[in-house]
Amino acid sequence: MKYSLDQCVGNKLRRLSRIVDNQFRSGLKDFNITENQMTLLFLLHAMGTVDQGVIGKKLFLERSSVSRNVNVLERNGYVTKNAAYRPQIALTQEGTVLVEQLIPLWENIMDDIVSEIGNDGVEMINDLEKKLM
């Protein structure tokens, strides 16, 4: 093999993602939502009503992942979804309240991560994202 597993970029990125996700997961357990669901709620909070397909494009999620997460959030009363061919997704009042509760938690975890990796680390992640997109 030309590269070892320790050199695999995909493996390193997935590993880093799991490390960061675990930090969020521990904070989210009291809210009974996942990291992807939180991100979806934050997107709706920022954008308002959104076509379900746009969610997948913005968050780089497969259609099945978006659908599954939207369905869970809808069952829990955090979002509404119309019956259109291209469903429109929006936060409910309960969803807005949840987002407002999650923001301080998210900010604290982000502060911890930024403190660990420094502003240079954040810049490196931003640069890497730009190069790969």
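**Pockets, a salt bridge and one buried valine**

Let's start with the largest pocket: helix α5 gives the largest share of its lining, 14 residues. Before I go on, one caution. This is a predicted model.

So, how much space lies in that largest pocket? About 1,800 Å³. The lining has 35 residues, and those closest to the pocket's centre are S17, V20, D21, I125 and E129. Which helices supply at least two residues each to this lining? They are α1, residues 9–28, α2, residues 35–47, α3, residues 52–59, and α5, residues 93–132. Of the lining residues, 21 are nonpolar, 7 are polar and 7 are charged.

Next, the second largest pocket. Its volume is about 300 Å³. Here 13 residues form the lining, and D51, Q52, G53, V54 and R63 sit closest to the centre. Two elements give two or more residues each: α3, and α4, which covers residues 63–75. Helix α3 gives the most, with 5 residues.

Let me step back to the whole chain. It has 133 residues, and 28% of them are buried. How many helices and strands are there? The chain has 5 helices and 3 strands. In sequence order, the pattern reads α-α-β-α-α-β-β-α. The accessible surface is about 9,400 Å². Carbon and sulfur atoms account for 53% of that surface.

What about contacts along the chain? Take the contacts between residues at least 6 apart in sequence. Of these, 53% join residues at least 24 apart.

On to salt bridges. How many does the structure hold? There is 1. The partners are the side chains of E35 and R25, at 2.8 Å from N to O. E35 belongs to helix α2 and R25 to helix α1, so this pair ties together parts that are 10 residues apart in sequence. Are the two partners buried or exposed? Take each in turn. E35 has a relative accessibility of 13%, so E35 counts as buried. The cut-off for buried is under 20%. R25 has a relative accessible area of 43%, which makes R25 partly exposed. To count as exposed, a residue needs over 50%.

My last stop is V79. Where is V79? It lies in strand β2, which covers residues 79–81. V79 counts as buried, because its relative accessibility is 3%. Now look around V79 in the model. Which residues does V79 touch, leaving out those up to four places away in sequence? The list is L41, L44, V70, L73, E74, I89, A90, L91 and T92. For a contrast, find E116. From C-alpha to C-alpha, V79 and E116 are 34 Å apart in space. In sequence, V79 and E116 are 37 residues apart.

To recap, here are the stops to look at on screen. Find the largest pocket, where α5 gives 14 lining residues. Then find the second largest pocket, where α3 gives the most to the lining. Then pick out the salt bridge between E35 and R25. Finish at V79 in strand β2. That's my tour. Questions, please.

Methods
Residues numbered from 1 in each chain as written. Predicted model: local features only at pLDDT ≥ 70, side-chain atom pairs only at ≥ 80, totals over all residues. Heavy atoms only, no water. 1 Å grid on protein atoms, 1.4 Å probe; cavity = no way out; pocket = protein on both sides within 12 Å on 5 of 7 lines; lining within 4 Å. Points joined across faces, edges and corners; volume = space filled by probe spheres on them. Helix = DSSP H or I, 4+ residues; strand = E, 2+ residues; numbered from the N terminus. Nonpolar A, V, L, I, M, F, W, Y, C, P; charged D, E, K, R; others polar. Salt bridge = Lys/Arg side-chain N within 4 Å of Asp/Glu carboxyl O. Buried < 20%, exposed > 50% of the residue type's maximum accessible area, 1.4 Å probe, protein only. Contact = heavy atoms within 4.5 Å. Areas by Shrake-Rupley, 256 points an atom, 1.4 Å probe, with all protein chains shown as cover.
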